[in-house]
Amino acid sequence: MDPIKNPFSPGAGSPPPELAGRGAILEQARILLGRIRAGRPEKSLLMTGLRGVGKTVLLNEIERMALGEGYRTIHIEAHEEKQLATILAPHLRKLLYELDRIAGAGDKVRRGIRVLKSFISTIKVTYEDVEFGIDTDPEKGAADSGDLGVDLPNLFTAVAEAAQERKVAVAILIDELQYFTSAELSALIMAMHRMQQRQLPLILLGAGLPILPGLAGESKSYAERLFNFPDLGPLSQADAVKALRDPSEALGVEFQQGALDRIFQFTKGYPYFLQEWGYQSWNHAPSSPITSQIVEDATPTVMERLDKNFFRVRFDRLTPREKQYLRAMAELGGGPYRTGDIADRLNVKINTIGPVRASLIKRGMIYSPAHGDMAFTVPLFDDFMRRAIPHFESKASQ
């Protein structure tokens, strides 16, 4: 069949042809956007889930909804090597100057620019490797203390008041929130607390790994009262079938039930993997219908692509000790894994593996779903580890 017409789109954040199974979360977002626009309080939204469940896709869709509601949006991605302030400041600068260009812009907008000038005076800010400043006098004593927990709420207040003056609302969308430090996450929560207290038109829409609610709670105990934390899991079989069948049928192509069943067995309902199997099955099919045999024929290509593009890019960043730890997890089966069992498999004392475990959590490779348990943040990574390192050897046997 024509690969140009292939409806499936595997890729980081690539929108699928059918957002199956995510209607409830999109409805939450719709209500949040509408209530804030109407001046009514509502919890901001922080989505959590493993890699490949579609968090970035949903953030992009929610941004589209926000723009349709007249919001000004800022969309950023956290990074383990970049500070929140340096990521956020250039976008706030752009937003405030856009508000300033609106006819009749008043004092609140210009004060927002001065407060941002004060804020960036405490940090060195670059945008796309170009250092920038703001051509105005700073607002002395506002957001210039050097304490992010004090300065960020003051900065958000100034931005939100500027937006309110212009009768618009602001949505800040942040992906990979778990990469922020505890101090940065705490400052962000405090800033959103200020927004809720003053009912200002600025909301946070974020996404991160399953550790995010715990990190937020540790930073500020009232985080659960500020945010909803919808958890994105794999799709049900019915929704997985819909994600494959509906886009294909729209183009006159049929997936046989056996093919759909086999793809669900392979993918376990994870959206990214559904897109990969759908994409390759389409390209392998000479014509409609797509049969279970075509799915089987396409599977080696899928696995090769996943290993190279989805799994390997994460594996190659790991140290030898980190790889050994993950291989020990995979040796134990599908997980979750007791920390003591991992230590036993490595043939070491449990208190010696704390640093490598902490490093893997910081890298976003594993998380703790319950006390004393570890699990992969990447679905099917245990299978990949067994392919990448076919023969496991404990530390004692090396």
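Here are some friendly notes on this predicted model, from the overall fold down to single residues.

1. **The whole protein.** The protein contains 16 helices and eleven strands. Its radius of gyration is 24 Å, close to the 21 Å that the globule rule gives for 398 residues, so the protein is as compact as a globular protein of that length. Along the principal axes, the C-alpha trace spans about 65 × 60 × 40 Å.

2. **Inside and across the chain.** How much of the protein counts as buried? The share is 49% of the 398 residues.

3. **Strand β5, an enclosed strand.** Find residues 170–175 in the structure. Six of the six residues of this strand are buried, so β5 is largely enclosed by the rest of the structure. Val170, Ile172 and Ile174 point one way from β5, while Ala171, Leu173 and Asp175 point the other way. Both sets are buried, and that includes Asp175.

4. **The partners of β5.** As background, strands of a sheet pair through backbone hydrogen bonds, in either a parallel or an antiparallel arrangement. Strand β2 (residues 72–77) runs parallel to β5, and six bridges join the two. Here histidine 75 sits opposite leucine 173 of β5. Strand β6 (residues 202–208) is also paired with β5 in the parallel sense, over five bridges. In this pairing, valine 170 faces leucine 202 of β6.

5. **A three-strand sheet.** Now look at an open sheet with the strand order β9-β11-β10 and antiparallel pairing. The strands β9 (337–338) and β10 (366–367) stand at the edges with a single partner strand each, so one side of each has no neighbour in the sheet. Two bridges connect β10 with β11 (residues 373–376). Tyrosine 367 is found opposite alanine 375 in β11.

6. Lysine 55 belongs to helix α2 (residues 55–68). A polar atom of the lysine 55 side chain does lie 2.8 Å from the backbone oxygen of leucine 50. Leaving aside residues up to four places away in sequence, lysine 55 touches several others, including Ala207, Gly208 and Leu232.

7. **Two cis peptide bonds.** Where do the cis bonds lie? One runs from serine 288 to proline 289, with omega near 5°. Proline 289 is in the loop between α11 (271–284) and α12 (292–315). Another joins glycine 335 and proline 336, with omega about 0°. Proline 336 is placed in the loop between α13 (320–331) and β9.

8. **Two positive phi angles.** Alanine 143 is not a glycine, yet its phi is positive, at about 60°. This alanine sits in the loop between β4 (130–131) and α5 (148–165). With 1% relative accessibility, alanine 143 counts as buried. Leucine 380 also has a positive phi, near 65°. You can find leucine 380 in the loop between β11 and α16 (381–388). Is leucine 380 buried or exposed? Leucine 380 is buried, with a relative accessible area of 15%.

Key:
Residues are numbered from 1 along each chain as its sequence is written. This is a predicted model: local features need pLDDT of at least 70, side-chain atom pairs count only at pLDDT 80 or more; totals for chains, interfaces and linings use all residues. Side-chain values use heavy atoms; hydrogens and water are left out. Two strands pair if DSSP finds at least two bridges between them. Helices (H or I, at least four residues) and strands (E, at least two) are DSSP runs, numbered from the N terminus. A polar contact is a pair of N or O atoms within 3.5 Å; within protein, one must be able to donate a hydrogen and the other to accept it, and residues adjacent in sequence count only if both atoms are side-chain atoms. Contact means heavy atoms within 4.5 Å. The radius of gyration is taken over C-alpha atoms; the globule rule is 2.2 Å times the number of residues to the power 0.38. Buried means under 20% relative accessible area, exposed over 50%, partly exposed in between (1.4 Å probe, protein chains only).
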